[in-house]
Amino acid sequence: MNELTVKKANLLRAWWVILVSIAATGKYSLLTLGTALFNRSESAKKTVRPKIDRVIYRWGTCLVNAVRLRWTVEGDLESQAEPGRRVIIVANHSSAYDIPLIFAALPGSIRMISKKELFKIPLLSRAMKTAEILSIDRQNRQQAIKDLSIAKEKMESGIRICMFPEGTRSSNGKLYPLKKGAIRLAIDTNALIIPVAIEDIYKVLPNKKWLQMRLNQKVSVKVGKAIDCREFEVADRNQLTELVYNSLYSMLSEQQGEVAS
């Protein structure tokens, strides 16, 4: 079979991908709500999360397939996620496709900590809350304490939280300095941090450049070595931040070299 060629999507194809993505998000939001609605009995409640996991996986897969993304996974997340331990996946952020790819590529009940603005969109907001997607309001201390408590409970119940500590999407694949929100949460909850580097995803769709979409792009999801945050205090957060940054940077070293050149 001939190697697929990476190519820029023409205008028609780019708009088709955008419309498919919007339609899929609406469809799977409704499926999430429907799954919860039809599994409200006590006997069915235990099966709701795995069923919603599958809905989220199908949503992520649909979106990455729309751009014909070709992805591989290096490393093993499952073997490092010790039973009963809180897990925070810390990933780089350089494309709108980071989130759907993580849902499609990685195992377990993964949920994002999302922007609070997304919870203002009616259908999406209800679906996100039903799917146990979280938000932490750092601007409101009282609310932040409540949000942190909820995040702890979710992790204790088996959810793996995913965060993008750069704070914004990189436009060229360069790894930005990490903000300390994810690091502080990991220390406060004695979690395992598992670094995940998504290499070359920035080439698929540069930040805020929807009409520069590329098809058939190869990307690598690299799972780094888990970091046990029980070994760190709040006073050590700068050291832990540097440790996580270096882990991500080393996995993205080839990409960082391309950016520098």
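1. Does Tyr 249 count as buried, partly exposed or exposed, and at what relative accessibility? At 38% relative accessibility, Tyr 249 counts as partly exposed, where buried means under 20% relative accessible area, exposed over 50% and partly exposed in between, with a 1.4 Å probe and protein chains only.

2. Please keep in mind that this is a predicted model, in which local features need pLDDT of at least 70 and side-chain atom pairs count only at pLDDT 80 or more, while totals for chains, interfaces and linings use all residues. Residues are numbered from 1 along each chain as its sequence is written, and side-chain values use heavy atoms, with hydrogens and water left out.

3. Helix α3 (residues 98-105) is largely enclosed by the rest of the structure, because 7 of its 8 residues are buried; among them are Pro 100, Leu 101 and Phe 103. Helices here are DSSP runs of H or I, at least four residues long, numbered from the N terminus.

4. A search of the whole structure finds 2 aromatic pairs, meaning rings of Phe, Tyr and Trp (its six-membered ring) with centres within 6.5 Å, where planes under 30 degrees apart count as stacked, over 60 as edge-to-face and the rest as tilted. The rings of Trp 59 and Phe 103 have centres 6.1 Å apart and planes at 65°, so this pair is edge-to-face. Because Trp 59 lies in helix α2 (residues 42-66) and Phe 103 in helix α3, the pair ties together parts 44 residues apart in sequence.

5. Tyr 245 and Tyr 249 form a stacked pair, 6.0 Å centre to centre with 25° between the planes, and both lie in helix α7 (residues 237-251), 4 residues apart.

Definitions and conventions: Helices (H or I, at least four residues) and strands (E, at least two) are DSSP runs, numbered from the N terminus.
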